[in-house]
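Subject: Structure for your files

Hello,

Below is the structure for you to take over. My notes follow it.

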Amino acid sequence: LNGKQIGKTYDGERFGSSGSFNEFRVYTIPPNLLRDRNNLIEVLVEDMGNIGGIYEGSVGLTTRTAYERYYR
């Protein structure tokens, strides 16, 4: 977020052994990283083979309150 890393998933396993693709991820954005106006979010996806990438499921931004209401 705005040039600072706020999350990472990498289990260090070889191709075919990794299970990180199947992990549910939630990253909290530290308020001090947010700018008053424009913020930039960059998502780097390393495709290690097979179907790779972000190919299924929800991707989005939400408030903590909405997240807790939905996932609890």
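Predicted model: local features only at pLDDT ≥ 70, side-chain atom pairs only at ≥ 80, totals over all residues.

Residues are numbered from 1 along each chain as its sequence is written, and side-chain values use heavy atoms, with hydrogens and water left out.

Overall form

The chain has one helix and zero strands (DSSP runs, numbered from the N terminus: H or I of at least four residues for helices, E of at least two for strands). Its radius of gyration is 15 Å, whereas a compact globule of 72 residues would have one near 11 Å (taken over C-alpha atoms; the globule rule is 2.2 Å times the number of residues to the power 0.38). Along the principal axes, the C-alpha atoms fill a box of roughly 40 × 30 × 20 Å. Buried residues make up 7% of the 72 in the chain (buried is under 20% relative accessible area, exposed over 50%, partly exposed in between, with a 1.4 Å probe and protein chains only). Of the contacts with a separation of 6 or more, 59% are between residues 24 or more positions apart (contact means heavy atoms within 4.5 Å).

The salt bridge

The structure holds one salt bridge (a side-chain nitrogen of Lys or Arg within 4 Å of a carboxyl oxygen of Asp or Glu). The side chains of Glu-68 and Arg-64 form it, at 3.9 Å from N to O. These two residues are four apart in helix 1 (residues 64-71), so about one helical turn separates Glu-68 from Arg-64. Glu-68 is partly exposed at 28% relative accessibility, and Arg-64 is exposed at 52%.

Before the helix

Asn-2 lies in the segment before helix 1 and is buried, at 14% relative accessibility. Its phi is near 50°, a positive value in a residue other than glycine.

Asp-11 is also placed in the segment before helix 1 and is partly exposed at 31%. Leaving aside neighbours within four places in sequence, Asp-11 contacts Ser-18, Gly-19 and Ser-20. Asp-11 and Phe-21 are ten residues apart in sequence and 9.7 Å apart in space, C-alpha to C-alpha.

Regards
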